[in-house]
Amino acid sequence: MLLLASNLFLFLSPVQAQKKDKETLKKEYKESPLYQGSWVGLEILGAGNYLLEGDFFSTEIILQSNLKNRFLPVLEIGYGKTDATNETNNLHYKTSAPYFRIGMDYNIFYLKPYLPGFLFGGVRYGLTSFSYDVDGPTMQDPNYGGIIEVPFNYTGLKSNANWLELVLGIKVKIYKRFNMGWTVRYKLRMNAKGHTNSQPYYIPGYGKNNSNSFNLMYNLIYDLPF
């Protein structure tokens, strides 16, 4: 959180002399080109949490463009995995798969090009297709009065999921073409395919299989030359 606060300080404290009156800024915005560059980013917080003995690993590449310093279409391609036990029901889950998100961000201060980055809100649509293994304690078959024990072990169960994300974030220049960025995301699960005997515990790109969740992401970003 300290790093996030310092990013906000860098973003909101540009040199005052660089400011221009509103009408001048509107005129320059109208005359500015549609395409104003692209950048590529790498999300590292998911991998960092995993290295600190978290249950879930994720990382992703972000490809984003700047249209009129206002609209920021984005594609996110990632990979997520887990090999963990759900302490609630003592079931062990294992899965790994790529995931994809597509969306659009909106630069809130698009008429202030002197700022060293973007403060934006946006939306994402995410999807993934994956298979998972699940196993747990031996169960007793109620049809035989609990006499017969049935192993609980399933492998290669196919699933898919899609979801929406509401995004609020910042992108701040730190040195030449190098930037860093934070996003806070509220995730809304739309669909997640389950099976008669189990539901996926973890969805790559989404996280735990809850109806909604919050997520914090940290990106290292490089502006591509154009």
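Rings of Phe, Tyr and Trp (its six-membered ring) pair here if their centres lie within 6.5 Å; planes under 30 degrees apart count as stacked, over 60 as edge-to-face and the rest as tilted. This is a predicted model, where local features need pLDDT of at least 70, side-chain atom pairs count only at pLDDT 80 or more, and totals for chains, interfaces and linings use all residues. Residues are numbered from 1 along each chain as its sequence is written, and side-chain values use heavy atoms, with hydrogens and water left out.

**View 1. A cluster of aromatic rings.** Phe56, Tyr93, Phe130, Tyr132, Tyr201 and Tyr202 are linked into a cluster by ring pairs. The ring-pair count comes to 17.

**View 2. A tilted pair between two strands.** Tyrosine 186 and phenylalanine 214 form a tilted pair because their ring planes meet at 45°, with the ring centres 5.0 Å apart. This pair links distant parts of the chain, 28 residues apart: tyrosine 186 is in strand β7 (residues 178-192) and phenylalanine 214 in strand β10 (residues 212-224). Strands here are DSSP runs of E with at least two residues, helices are runs of H or I with at least four, and both are numbered from the N terminus. Are these two residues buried or exposed? Tyrosine 186 is partly exposed at 25% relative accessible area, while phenylalanine 214, at 64%, counts as exposed. (Buried means under 20% relative accessible area, exposed over 50%, and partly exposed in between, with a 1.4 Å probe and protein chains only.)

**View 3. Lysines over rings.** The charged end of lysine 112 sits over the ring of phenylalanine 109, 4.9 Å from its centre. Tryptophan 39 has lysine 171 over its face, 4.2 Å from the ring centre. To qualify, NZ of Lys or CZ of Arg must be within 6 Å of the ring centre and within 35 degrees of the ring normal.

**View 4. The largest nonpolar core.** Such a core is a set of buried Ala, Val, Leu, Ile, Met, Phe, Trp, Tyr and Cys residues joined through side-chain atoms within 4.5 Å. Of its 15 residues, Leu91, Tyr93, Phe130, Tyr132, Val134, Trp163 and Ile203 touch the most other members. Strands β4 (91-107), β5 (117-140) and β6 (149-175) each supply at least two residues of this core.

**View 5. The surroundings of valine 134.** Leaving aside neighbours within four places in sequence, valine 134 is in contact (heavy atoms within 4.5 Å) with Leu91, His92, Tyr93, Phe152, Asn153, Tyr154, Leu157 and Ser198.
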